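Q: Can you walk me through this one? I have the sequence and the model open.

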Amino acid sequence: MSGCDAGGTTNDAGVERPWVTVKLAQTLDGRIATRTGHSQWISGEASRALAHELRAAHDAVLVGIGTVLRDNPRLTVRLVAGRDPLRIVADSAARTPLDSHLLAERPELTVVAVGELAPSDRVDTIRRRGARVLLTRSQSDGRIDLADLLGRLSQRGVRGVMVEGGAAVVTSLLQARLVDRVVICIAPKLVGAGVEAVGDLGILHLDDAVGFEQVEVRQLGDDIVFDGRVAAPLRAANTTGSRAATDR
Ligand SMILES: NC(=O)c1ccc[n+]([C@@H]2O[C@H](COP(=O)([O-])OP(=O)(O)OC[C@H]3O[C@@H](n4cnc5c(N)ncnc54)[C@H](OP(=O)(O)O)[C@@H]3O)[C@@H](O)[C@H]2O)c1
């Protein structure tokens, strides 16, 4: 599999949204960073080139503000030939630093998605820096409603979004069933305690696990690359926990 489904898709409510690919680099024990948040680099050079290929194949790359504050990523295409995607930050309170690579370099490619309560002085400063600010609906916890964000991106012609973390944003997208494809580069490393690739999805029975189809697994350098499309849920939600563990 390469690139993304050019056609976009719809969410559970039938609203148009872009195709969403999650890409992560993790250790053998499922960590995307150490417990201090250090993550550069978990995977090898060939896997990092794959990440750049995926960036070039999507209209936009999305990260959470946690990743911007910790890693200060550029999210451009440098290791392969290709065009730079739009760079989107889920940043409810408009905390993206003015000296971050995303605002200091090619800010016209950066979209800071903020919530309804983002301080207006911060929003104005980011706009003056040359980046776009996209006002999105806030959830009850104040964070960005990612379905609303994807819908707004779709209205602006974005057909494919690659999500490069971190764990909180990926977990929210999986919880909301907004992920179409997952690419995970698994590096031959163990770090023990650290940042889990995916947080709590509220899954209590294996029948409710996020499943995959069209799975491809290959070796890239010393890493194993998993690439699969998210399958439809096995059964309806809200029946979790109602059955006894009789399937052993
Ligand atoms: N190995 C890898 O592939 C990889 C990739 C990326 C990051 N990382 C690592 O992951 C760590 C960062 O992950 P993280 O989980 O702390 O941060 P994150 O997912 O990048 O960002 C989380 C923040 O995004 C904002 N956000 C806005 N709307 C959200 C929503 N609906 N759901 C979730 N978050 C939302 C929240 O801050 P506000 O409330 O302020 O908006 C939240 O605290 C770093 O250690 C980084 O190095 C690893």
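A: First a term: a crossover is right-handed if, with the strands pointing away from the viewer, the path from the first strand over the helix to the second runs clockwise. Helices (H or I, at least four residues) and strands (E, at least two) are DSSP runs, numbered from the N terminus. This is a predicted model, where local features need pLDDT of at least 70 and side-chain atom pairs count only at pLDDT 80 or more, while totals for chains, interfaces and linings use all residues. Residues are numbered from 1 along each chain as its sequence is written.

Q: Which hand does the unit of β7, α4 and β8 have?

A: Right-handed: strand β7, helix α4 (residues 120-128) and strand β8 form a β-α-β unit of that hand.

Q: How many bridges join β7 to β8?

A: Four, and β7 runs parallel to β8 (residues 132-135). Strands count as paired if DSSP finds at least two bridges between them. Valine 111 sits opposite arginine 132 of β8.

Q: And what about β6 and β7?

A: β6 (residues 86-90) is also parallel to β7, with four bridges. Arginine 87 has threonine 110 of β7 as its bridge partner.

Q: Is β7 (residues 110-114) mostly covered or open?

A: Mostly covered, with five of its five residues buried (20 or more other C-beta atoms within 10 Å of a residue's own, C-beta atoms being placed from the backbone). Thr110, Val112 and Val114 lie on one side, Val111 and Ala113 on the other.

Q: Switching to the ligand: which element gives the most to the shell around it?

A: α2, with five residues.

Notes: A residue is buried if 20 or more other C-beta atoms lie within 10 Å of its own, exposed if 12 or fewer, and partly exposed in between; C-beta atoms are placed from the backbone.
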